[in-house]
Amino acid sequence: MALLKSNKVIYCLGNISPSLGVLSIRNSSWWGGVQMGPPDPILGVSEAFKKDSNPKKMNLGVGAYRDDQGKPFVLSCVRKAEAIITTKQMDKEYLGIGGLGEFTKSCAQLAFGNDNEVLKSGRNITVQTISGTGSLRIGANFLSRFHGGPRDVYLPKPSWGNHTPIFRDAGMQLKAYRYYDPSTCGFDFTGALDDISKIPEQSVIMLHACAHNPTGVDPRPEQWKEISDIVKKRNLLVFFDMAYQGFASGDIDRDAWAVRYFIEQGHNILLSQSFAKNMGLYGERVGGFSVVCKDAEEAKRVESQLKILIRPIYSNPPMNGARIAATILHTPELYSIWLGEVKEMAERIIKMREMLVAGLKKEGSSQNWQHVIDQIGMFCFTGLKPEQVERLTKEFSVYMTKDGRISMAGVTSGNVGYLAQGIHAVTK
Amino acid sequence: MSVFCEVSQAAPVAVFKLSQDFNNDQFPNKVNLGVGAYRTDEGKPWVLPVVKKVEKIIVHDDSLNHEYLPILGLPEFRSSASKIALGDDSPAIQENRVGAVQCLGGTGALKMGAEFLRRFYNGNNNTKTPVYVSAPTWENHNAVFASAGFDDVRPYKYWDAENRGLDLAGFLGDLESCPAHSIFVLHACAHNPTGTDPTQDQWQQIAEVMMRRNLFVFFDSAYQGFASGNLDKDAWAIRYFVSMGFEMFCAQSFSKNFGLYNERVGNLTIVARDADNLKRVLSQMEKIVRTTWSNPPSQGARIVAVTLTSPELFSEWKENVKTMADRVLLMRAQLKAKLQALGTPGTWDHITEQIGMFSFTGLNSKQVEYMVKERHIYLMASGRINMCGLTSKNIDYVAESIHATVTSV
């Protein structure tokens, strides 16, 4: 609208004085019509948090792990890997489009298990990606170009906020299946099965492998089995998003159970993996995108097309983080340190969940907070309503997203009592 | 029945296939003149001494962590990188109308710029806006703009094969006759693949037409410092266009001039009319970044930022860059001298007139095939050679091979 208006002004000026009109065009901007983009809901939380001067303030918006002092945590296996890498004095030549081979191989092994048939047969292809986002985007682009089925991708309701724009930008359409039950703060199993049973054949269904974001609500194994059955019946293409392997339960095999079960059941899945959280490599952008194909020949064709998709976006992926991750995954000593540190992070979160619930009970809350303990991973869907969230922020300087989601990683033994106080105050 | 049974095998990217073939070749005197990466006189990759130094600093700094960068990237990187292109004292920077997006290499910067233009330039989502790339150009330019959604990516006249130089008349002619608001991808210096750059006078003529016809300026700057050995000299065209008042994009790569190829260090510098326009543009760039890679990788940007913001390290870097540029200049001089000494038919002045990493030899595809198959010298089908692939040890063999090729094919 603004652009149309300014054109009118220019034409008027042009009529009065042609040279003035030209001058106006030169002095106006190409970008006059570009609107201010809406602020990112999660970043907005961090911005407001930064401005707050309350010494007791808490930032429960950010999805990054913090230690019990509230500080970022660089894993010691990462530091050790970096030291090893420095001594090797490697060159900085371009990686192939598909990334560091050592990394993609161990990335796949981590997800599927070292002895998985999909690895032995060569029918899996894994490419290195720009962390989880980059992986999802490549996957979305791949589906958009090659998937012969419906354009619809079914996300759980709710899902990670960025899923929708990623798929949309890639040209796919979004639909949802029931997932979170606000009345129980748990899994709407019947609703999910009901909705999934109605999804048109060959549609794409997105499943969070573990530690569902934002709710922290995961299906139990028996429930996964039924989901697998119905998905198979409907002939749906499964796209797993696994951003928290190891981070959810503390056990990497347990967290990958659903992915491996689906493979076993014959689903040829798409899989996005991120090493941002489980290795604390956030800013290094380490991820993988896998396609489990019919056979090795198909995997080769798919790989060639993935490269064609990647090349015009960023040519080839960054080395540093992948090299660190590969070193950890390949070096037995570092691998075992890593398993320990992942467990440590997961256990601290679990402990914070328990302490929060204990704290709420101590405050005298009569609400049922069991879901805080039942939910898993970094996030907790507290069940707080927007007005309660607003009060919590205004009166207690506790910053979180409007949907009631808190990042447990931002909770420490030092501030969990204060958090319990605040939550109780707004919910009693 | 697989969902992907219709997926056909894609052809491999030519330049990478060339390297692969080279690697598989057992011939002892093989030479790789393909991929655009710097090599020392021993034919080895070169990690810049200043980079090694800075990496040590980073790895020993316990205060650093691996947290997410902001969506638009490391602030110190973005601003210091833009300063490199525009100059420390750039009026546009002082006027607060220069911004930047840290991207994954030059490719990523081109991609972000292309995605933004497709959404917001020349109306909303106007995929029909013509995008002009030089004939010839870097083979990925076409794909970047096409994948961003532009339907109409066309060549503009650039290389005069007959005279082995710039086809200025053709270039200007395309600028005069193209649809208004067309986007032009300009190589800031060291044109890839021809190594042929406009002179300052020619740039002035180009700028005049572009301003008059309201064409969009999109610079691709992948070799700043690498062309002449002097950063400011290599940025002359960019700075001239800024001084002429253009709003423009400049995709910068630090792959070559920092030797940071695999860390994917790039910067999309945005010059806007004013701070308000810049602000809105950056806010929309964030949306595009968020659905592509969320936020960029930190290691490479850190290395560059630390280097550029320390006077000592910055000096050392400039020397490292000059070392690379000087070796290339030496190889150019020597190759030409040898071909002339051999009496190889044709003129070879273009080898020293051309600038940067690449040279368009003028060899035709049959001659190239002969070079690859018979002489085990790997170069692109276009006749493009990477001067960095030449060393004091192989330059005689290469000169003789060119001689043999030209006289027999």
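This is a predicted model: local features need pLDDT of at least 70, side-chain atom pairs count only at pLDDT 80 or more; totals for chains, interfaces and linings use all residues.
To see which parts of chain A are involved, select α2 (18–27), α4 (76–88), α7 (131–146), α8 (163–169), α13 (296–314) and α14 (319–330): each gives at least two residues to the side of chain A that touches chain B. Colour α13(A) separately, as the largest share of that side, 11 residues, comes from this helix. Colouring by class gives 36 nonpolar, 20 polar and 18 charged residues on the side of chain A that touches chain B.

Next, select both sides of the contact: 74 residues from chain A and 77 residues from chain B. Chain A and chain B bury about 6700 Å² between them, and 57% of this area lies on carbon and sulfur atoms. Within chain A, pick A:Trp30, A:Trp31 and A:Lys92, which supply 15% of the area that chain A buries against chain B, more than any other three residues.

The interface of chain A and chain B has 7 salt bridges by the rule applied.

Now move to helix α17 (residues 386–396) of chain A. Show the side chains of A:Gln388, A:Val389, A:Leu392, A:Thr393 and A:Phe396, the buried residues of this helix. Look down the axis of α17(A): these buried residues fall within an arc of 135°, so they line one face of the helix. Among the elements that cover them are β12 (398–399) and α18 (416–427) of chain A.

Step just past the end of α17(A) to A:Ser397. This residue sits in the loop between α17 and β12 of chain A. A:Ser397 counts as buried because its relative accessibility is 5%, under the 20% limit.

B:Arg164 lies in the loop between β5 (159–160) and β6 (165–166) of chain B. With a relative accessible area of 24%, B:Arg164 is partly exposed.

Finish with two cis peptide bonds. In chain A, select A:Lys157 and A:Pro158; the bond from one to the other is cis, with omega near 0°. A:Pro158 is in the loop between β3 (152–157) and α8 of chain A. In chain B, select B:Ala135 and B:Pro136, joined by a cis peptide bond with omega about -5°. The loop between β3 (131–135) and α6 (140–147) of chain B holds B:Pro136.

Technical notes:
Residues are numbered from 1 along each chain as its sequence is written. Chains are lettered from A and ligands numbered from 1 in the order in which they are written. Side-chain values use heavy atoms; hydrogens and water are left out. Contact means heavy atoms within 4.5 Å. Buried area is the accessible area (1.4 Å probe) that two parts lose on being put together, summed over both. A salt bridge is a side-chain nitrogen of Lys or Arg within 4 Å of a carboxyl oxygen of Asp or Glu. Helices (H or I, at least four residues) and strands (E, at least two) are DSSP runs, numbered from the N terminus. Ala, Val, Leu, Ile, Met, Phe, Trp, Tyr, Cys and Pro count as nonpolar, Asp, Glu, Lys and Arg as charged, and the others, Gly among them, as polar. Buried means under 20% relative accessible area, exposed over 50%, partly exposed in between (1.4 Å probe, protein chains only). The arc is that of the directions from the helix axis to the C-beta atoms.
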